[in-house]
Structure formats: structure tokens, C-alpha cells
Amino acid sequence: MNRLDGKIALITGSGAETLKSEVLGIGGATVIEFCKEGATVIISDVFDKEGSEFASELKSKGYDVYYKHIDVTKNADWDNVISWIEKTFGKLDILVNNAGISMPINLFTTTEADWDKTNDVNSKGCFLGMKAASALMQKNNSGSIVNISSMYGLVGSPYSVGYHASKGAVRLMSKAAAIQLAPYKIRVNSVCPGMVMSPMQVRKKANISSEKWEEFVGFLEDSPLNKAKKEWIPTSQIGLGIVYLASDEAQWVTGTDLVIDGGQTAQ
Ligand SMILES: NC(=O)c1ccc[n+]([C@@H]2O[C@H](COP(=O)([O-])OP(=O)(O)OC[C@H]3O[C@@H](n4cnc5c(N)ncnc54)[C@H](O)[C@@H]3O)[C@@H](O)[C@H]2O)c1
């Protein structure tokens, strides 16, 4: 409780579902963990109806939340919301660059358009967000940016190619930004989740054959903890890792990767 008291936090890709959803994404689950820790949270997404409903549901539970539209690939959207945050709160303490997309396509099946789309949202979106948010954070000489990479930013797989490139880019741009923003006491870290049951996985299941899905889920067996617990990592577990990096408990932590993958990449 109260680990993020008084903090103003912006979380991208966090409003596509509502509290009624069967499973919350990493963004939505992180919003809830941040609310529980006392933060003021700006939910943002491209799904405005769901995002506004999610914000209203949380407001009715007494949390201090707002919804704002940000397509992370659009610089103008970032500028609008960052200037609204400055006018409304005078500062921004935390940015979580969570918005992301994945397509189950490999080197042979990925088109140039697929590549551009994946890297636009996952990699360019993260760059634009860090640039816009850190300009405001610099005025306050403090801040924490948490970028959501993936264990697939650490290792390859048979399932994708553009996604790996985009998530590797997120990790390394986080390290570069950590060095460049340290003079302003702004910390930048990345989180590398393993197999997390989120709407992204639900959609993947719907879009591939049942044989391919079985093969993909069989991959869970490669993770020591997923195998032992016989389950996917819940999104709330990633949210708790993000809370730590965002909070003052991590005030000496910058330029690093927090891997939450059940031990999959330890092998
Ligand atoms: N689920 C996993 O197993 C897993 C593992 C590792 C990393 N990740 C990463 O975690 C993050 C969250 O993924 P998730 O699993 O919760 O998926 P998700 O599909 O549930 O959530 C992604 C969110 O990003 C939003 N989004 C997509 N394009 C956008 C854009 N252009 N602008 C703004 N928002 C946009 C979507 O509307 C959605 O709310 C992603 O970056 C993903 O790559 C997920």
C-alpha cells in the first residue's frame, strides 16, 4: 500500500478491456496495481470506449484515474496528452510504455507491411513516448520510465521475427535512454515478461490452427516454473514488477532488465 502515493503515472495500451473482461492485459492489470499503491493513473489506448469505461469503473471504486487517447505511433497524440498532464498536474512521475502488438509469423511469412506495423507500435512507439514524457520529467528533475520488452527481446523463437527485433530494440533503447537521462535523475528500465495469459494470447489462439496452438502452448513446458505450476504467468505478476521499478524503492535501478519469465531464459 502507498508505494506510489502522490505519483502521476501514464500507462499506454492499458484501456482495451474493462473490469468485466475475462482476462486483463498487462496494461490493465498494471493500472490496478498502481491504483492499489496510491498513484494517480492516466489510462491510455486506442480503444476509447473501453478505456473510458475502465476509468469510470475504477473511479467508482474511489481510485484517481483518467482516460486519454494515445496511438503510440502518433507524435501528435503524445504531445496532446503530455501537455494535458502538465496543465492538469504540473508533472509526470512515471511512464509505462506497455502498448504492443504481436503476430504469429516467422521469417518466411512476415511481409514488409507486417514488419513495419510491429516495429512502429512496439519500437517507435516506445521511442516517441520516452522522448515526449522525459521532456516533462526533466522539468521536475525526476522520473521513472518502464518499457515493456519481452523474454523474446532476449532470445529467439520459431514463432516470430519482427516481434523479436522490436523487443530487442526496446531493451537497448532503454539502456541508451537510461544513460542519457541519468543527469536529470530519470530512470529507465525494461521488463521482459515470459508467457503471460492476456488478450494478446487469446487472440493468437483464435488466429492459428489448433495444432499450432498446441505446439505453442507446449512451449510453456520449457519454462521451469510454468511447468511446475502448470499455468501461465498472471498479468498481475508483471504489474507488480512494474510497480517496483516505478517506485522510489528502485531509486538506484536504471538501465536494467527485469525478467519475469518463470526461469525460461535462465536455461
Ligand atoms: N502476453 C504475453 O505473453 C507477453 C509476453 C511478453 C511481453 N508482452 C508485452 O506486454 C505488452 C502488453 O501485452 P498484452 O499481452 O497485455 O497484450 P494486449 O494485446 O492485451 O495489450 C496490448 C495493448 O496495446 C494496445 N495497442 C495496440 N496498438 C496500439 C497503438 N498503436 N497505440 C496504443 N495502444 C495500442 C492494445 O489496444 C492493447 O490494449 C506488449 O508490449 C507485449 O508485447 C506480452
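In helix 6 (residues 199-207), P199, Q201 and K204 are buried. Buried here means under 20% relative accessible area, exposed means over 50%, and partly exposed lies in between, with a 1.4 Å probe and protein chains only. Helices (H or I, at least four residues) and strands (E, at least two) are DSSP runs, numbered from the N terminus. The buried residues of helix 6 pack against helix 7 (210-218); contact means heavy atoms within 4.5 Å.

This is a predicted model, in which local features need pLDDT of at least 70, side-chain atom pairs count only at pLDDT 80 or more, and totals for chains, interfaces and linings use all residues. Residues are numbered from 1 along each chain as its sequence is written, and side-chain values use heavy atoms, with hydrogens and water left out.

Now to the ligand. Several polar contacts can be named. Such a contact is a pair of N or O atoms within 3.5 Å; within protein, one must be able to donate a hydrogen and the other to accept it, and residues adjacent in sequence count only if both atoms are side-chain atoms. An N or O atom in the R203 side chain lies 2.4 Å from an oxygen atom of the ligand. D71 places a polar side-chain atom 3.0 Å from a ligand nitrogen. V72 uses a polar backbone atom, also 3.0 Å from a nitrogen atom of the ligand. The protein buries 94% of the 820 Å² that the ligand exposes when taken alone. Accessible areas come from the Shrake-Rupley method with a 1.4 Å probe; for residues, only the protein chains shown count as cover.

Next, the salt bridges. The structure holds 11 of them, each a side-chain nitrogen of Lys or Arg within 4 Å of a carboxyl oxygen of Asp or Glu. One joins E37 and R3, at 3.9 Å from N to O. E37 sits in the loop between helix 1 (26-36) and strand 2 (40-45), and R3 in the segment before strand 1 (8-11), so this pair ties together parts 34 residues apart in sequence. E37 is buried at 9% relative accessibility, whereas R3 is partly exposed at 29%. R3 and E37 also belong to a salt-bridge network with E249.

S247 leads back to these residues. Its place is the loop between helix 9 (235-246) and strand 7 (257-260). S247 is buried because its relative accessibility is 1%. The S247 side chain reaches the backbone nitrogen of E249 at 3.2 Å. Leaving aside residues up to four places away in sequence, S247 touches R3, L4 and R187.

Which residue forms a salt bridge with K20? The partner is E53, with the closest N and O atoms 2.5 Å apart. E53 lies in helix 2 (residues 48-60) and K20 in the loop between strand 1 and helix 1, so the pair links parts 33 residues apart in sequence. K20 is exposed at 65%, while E53 is partly exposed at 26%.

K36 and E33 meet in a salt bridge at 3.4 Å, N to O. Both lie in helix 1, three residues apart, about one turn of the helix. An α-helix has 3.6 residues a turn, so residues three or four places apart point the same way. K36 is partly exposed at 40%, but E33 is buried at 9%.
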